[in-house]
Amino acid sequence: MATDRLDVIIFGATGFTGKYTVYEAVSVLKDLRWGIAGRNREKLQSVLKEMGAKAKKDLSQTPIIIADVEDEASLLEMAKSCRIVVNTAGPYRFYGENVVRACIEAGTHHVDVSGEPQYMETMQLKYNERAKERGVYIVSACGFDSIPADMGVVFVEKNFDGVVNSVETFLVNGVKDYNAEHGRAGLNVGTWNSAVYGLAHSNELHGIRRELYPERLPKFFPILKHRPLMFKSTEINKVCLPFPGSDRSVVMRSQRFLYEHDKKRPVQMHAYIGFPSWIIAAAVALFATIFGLMAKFQFGRTLLLKYPGFFSGGFVSRDGPSEARMEKTYFRMTMKATGWPSSQRLAEGTDQYTDPPSKTLMVRVSGPNPGYGSTCVALLSTAVTILRESNKMPNTGGVLSPGAAFSKTSLISELEKHEHGMKFEILANK
């Protein structure tokens, strides 16, 4: 079996994210042997035909593996058939753990695009030691959640020429030259469902983290303060709200890992999202409040899950966004880092500064189609990096966040190589 192993299997390939991952695999995995997996052979063949036509490449001979999240024996056979599983089958809180467990037992690496902190941190709590024993890397948050933020902080630290105290991220999403023919939908229902369940069970995080991290990190000064709930950002000239995604929790996992393993001073981080006007920002804040309240109660959750189009104002669709809209969407994440120049570096990473930060670095991470373009490229790029550069990754395996796993690899360069990848650039260095 070992000699016949594929390099990569894309699991959940018939889902919305899955099929676009198949499309991007044509270029990102062009030098590797890859296949696809799911429950239904006919649907898998249909995806190969559709995405092959889009990529102008015959994919009919691509290996197909039948595997079902409810059939652990089939998952184990799938995992034994490859070196790394690229898992696009969410919500991961329901469908992720069986795949992770099968991969660890098979000695196969695993990456996914989860933006669900409860799932990610539970996997770390339950399987980190076993993954290390088996020499397996399990890395989540390998898409738009949270590669730009987590690898963006890595990029900041590599280019800061000093010691970083804090990073603030300012995200802007947009659609170029929008018109009504592109459709209103911007998200597939799977992403919406993950958000509903994530908010519904957010109270679980405290208990998970108490077990995962029985000792708190020491405080480093000055402490990065939260901005007001709604504010005008001079950094991006937008009205901003706190960003509700998983970026901060993922970045803080990476920073804790690097502090514990490399004795590096952990970077503090807060995340914000920008809007064109006060009115739009206020409307989004109101929607987020209603969404959060409804997600906390069974009746509200049922309504949100049953009528995603209505409660999102048409932004969420069971069919996902149109091709025309996806081709026009983009994201820009501006990051403001503050700290001290290398001339003021202290002897130990745990030492405290008495002087305020005197150095600033502004960087930007940007890319097209964050939901289903750059997300899929990022996911596949993490798989390629594990296969090619595991000697630059920590320990012999483990359940890790992207920044912890890839900080010493060339993942950023890999991301910048592809048409639908991500660009990392320095804006200002003072």
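What share of the contacts in the chain with a separation of 6 or more comes from residues 24 or more positions apart? I looked this up at the outset and noted a value of 82%. I record here that the structure is a predicted model.

**Overall form**

I next examined the secondary structure and found that the chain has 17 helices and 16 strands. Along the principal axes, I noted that the C-alpha atoms fill a box of roughly 65 × 50 × 40 Å.

**Burial and surface**

I looked up burial and found that 55% of the 430 residues count as buried.

**Charges**

I turned to the charges and recorded 53 positive and 44 negative ones in the chain. Their mean positions lie 4 Å apart.

**Lys 158**

Lys 158 belongs to helix α7, which covers residues 147-159. Which residues does Lys 158 contact, leaving aside its neighbours within four places in sequence? I found Ser 407 and Thr 409. For the pair Lys 158 and Ser 407, I noted 249 residues of separation along the chain, while their C-alpha atoms are 9.3 Å apart.

Note on methods. Residues numbered from 1 in each chain as written. Predicted model: local features only at pLDDT ≥ 70, side-chain atom pairs only at ≥ 80, totals over all residues. Heavy atoms only, no water. Helix = DSSP H or I, 4+ residues; strand = E, 2+ residues; numbered from the N terminus. Buried < 20%, exposed > 50% of the residue type's maximum accessible area, 1.4 Å probe, protein only. Contact = heavy atoms within 4.5 Å. Lys, Arg positive; Asp, Glu negative; His and termini not counted. Charge placed at Lys NZ, Arg CZ, Asp CG, Glu CD.
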